[in-house]
Amino acid sequence: LGTSADAEKGVACETMAYHPTPDLPHFSSFKFDVYEPAEDSFLLMDALHKDLDFLMRMKPLICVEIGSGSGAVITFLATLLDTTPFHIAVDINSTACCCASRTLQCNGIRRCDSVCDDLVRCLQSRLSGEIDVLLFNPPYVVTPSEEVTSNGIAAAWAGGKDGREVTDQLLPSVSSLLSPKGALYLVAVEENKPAEIMKQMEAQGLESQIALSRRAQNEKLVVLKFTFHHYNT
């Protein structure tokens with residue numbers, strides 16, 4: 001993902017043809033308080049790029065990223081889809097919200113907002129049944145449960161038991177958040193028991209599949225995709 005120009009600007013990137021990663025010239029001002037795009041971020045971007053035909057056929061109107069961090073992924077999606085949808089970056093870390101807002105703006109995304117929220121609790125009533133593309137790269141690292149309560153940068157990785165405590169807070173509400181044509185793209189690792197997550201979501205009437213997987217150092221990363229059965233094309 002990205003170009004040589006990205007590398008010269010110090011933006012972490014991998015090789016993917018035709019679509020560069022977003023510019024983050026301001027990230028150095030946030031790097032001690034905001035999760036820097038890493039292998040999991042790039043895998044999610046790659047999964048979205050791979051699924052571009054599906055996303056274009058969907059013609060999404062509202063796209064939301066929970067745990068947006070630097071804003072690189074939601075901005076990448078926005079540049080993939082052009083500027084028609086409205087994009088919302090959500091993070092519990094207020095500094096991350098400022099960074100995501102800057103990332104969206106400096107990459108020319110105008111139909112967007114950055115919201116400080118715990119998952120989408122404050123927005124849930126307004127967004128219920130309206131989200132066409134929902135992205136979540138959750139804190140998935142197995143940690144003691146007490147680390148999960150952080151509002152700072154630790155909130156980007158501390159996942160508690162099985163690395164699932166934050167993910168499991170969102171899963172029951174996914175089917176009510178998504179629009180009838182909506183899709184959730186969720187990052188997970190082996191320790192999160194992806195097969196169990198898929199079975200849980202299928203019980204909500206959602207079709208599940210592995211959109212993309214990759215081994216990164218000692219982690220096997222996957223992007224899980226969930227859609228309603230009638231719209232999984």
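These legends accompany a set of close-up views of a predicted model.

Residues are numbered from 1 along each chain as its sequence is written, and side-chain values use heavy atoms, with hydrogens and water left out. Because the model is predicted, local features need pLDDT of at least 70 and side-chain atom pairs count only at pLDDT 80 or more, while totals for chains, interfaces and linings use all residues.

View 1. Welcome to the largest pocket, with a volume of about 570 Å³. A pocket here is an open set of points on a 1 Å grid over the protein atoms alone, where a 1.4 Å probe fits, with protein on both sides within 12 Å along at least five of seven lines; lining residues have an atom within 4 Å of a point. Grid points are joined across faces, edges and corners, and the volume is the space filled by probe spheres set on the points. Of the 39 lining residues, Gly67, Asp91, Pro139, Ala155 and Ala156 are the closest to the pocket centre. Two or more lining residues come from each of α2 (39-50), β1 (62-66), α4 (72-80) and β2 (86-91); helices (H or I, at least four residues) and strands (E, at least two) are DSSP runs, numbered from the N terminus. By type, the lining splits into 21 nonpolar, 12 polar and 6 charged residues, where Ala, Val, Leu, Ile, Met, Phe, Trp, Tyr, Cys and Pro count as nonpolar, Asp, Glu, Lys and Arg as charged, and the others, Gly among them, as polar.

**View 2. Helix α4 under cover.** In α4, 8 of the 9 residues are buried (under 20% relative accessible area with a 1.4 Å probe, protein chains only; exposed means over 50%, and partly exposed lies in between). The buried residues are Ala72, Val73, Ile74, Thr75, Phe76, Leu77, Ala78 and Leu80. Their cover includes α2, α3 (52-58), β1, β2, α5 (94-106) and β4 (131-136). Just after the helix, Asp82 has a positive phi of about 70°.

**View 3. Thr75 and Ile109 in touch.** Thr75 sits in helix α4 and has a relative accessible area of 0%. Leaving out residues up to four places away in sequence, Thr75 touches Pro22, Thr103, Leu104, Asn107 and Ile109, contact being heavy atoms within 4.5 Å. Ile109 lies in the loop between α5 and β3 (112-116) and is buried too, at 4% relative accessibility.

**View 4. The largest nonpolar core.** This core has 41 residues, and Leu48, Leu55, Leu77, Val133, Leu135, Tyr185 and Val223 have the most contacts inside it. A nonpolar core is a set of buried Ala, Val, Leu, Ile, Met, Phe, Trp, Tyr and Cys residues joined through side-chain atoms within 4.5 Å. α4 gives the most to this core, with 7 residues. Beyond four places in sequence, the contacts of Val133 include Leu55, Met58, Leu77 and Tyr185.

View 5. Pro194, Ile197, Met198 and Met201 are the buried residues of α9 (residues 194-202). Seen down the helix axis, they fall within an arc of 100°, so they line one face of α9; the arc is that of the directions from the axis to the C-beta atoms. The face turned away from this buried side carries the exposed Ala195 and Lys199.
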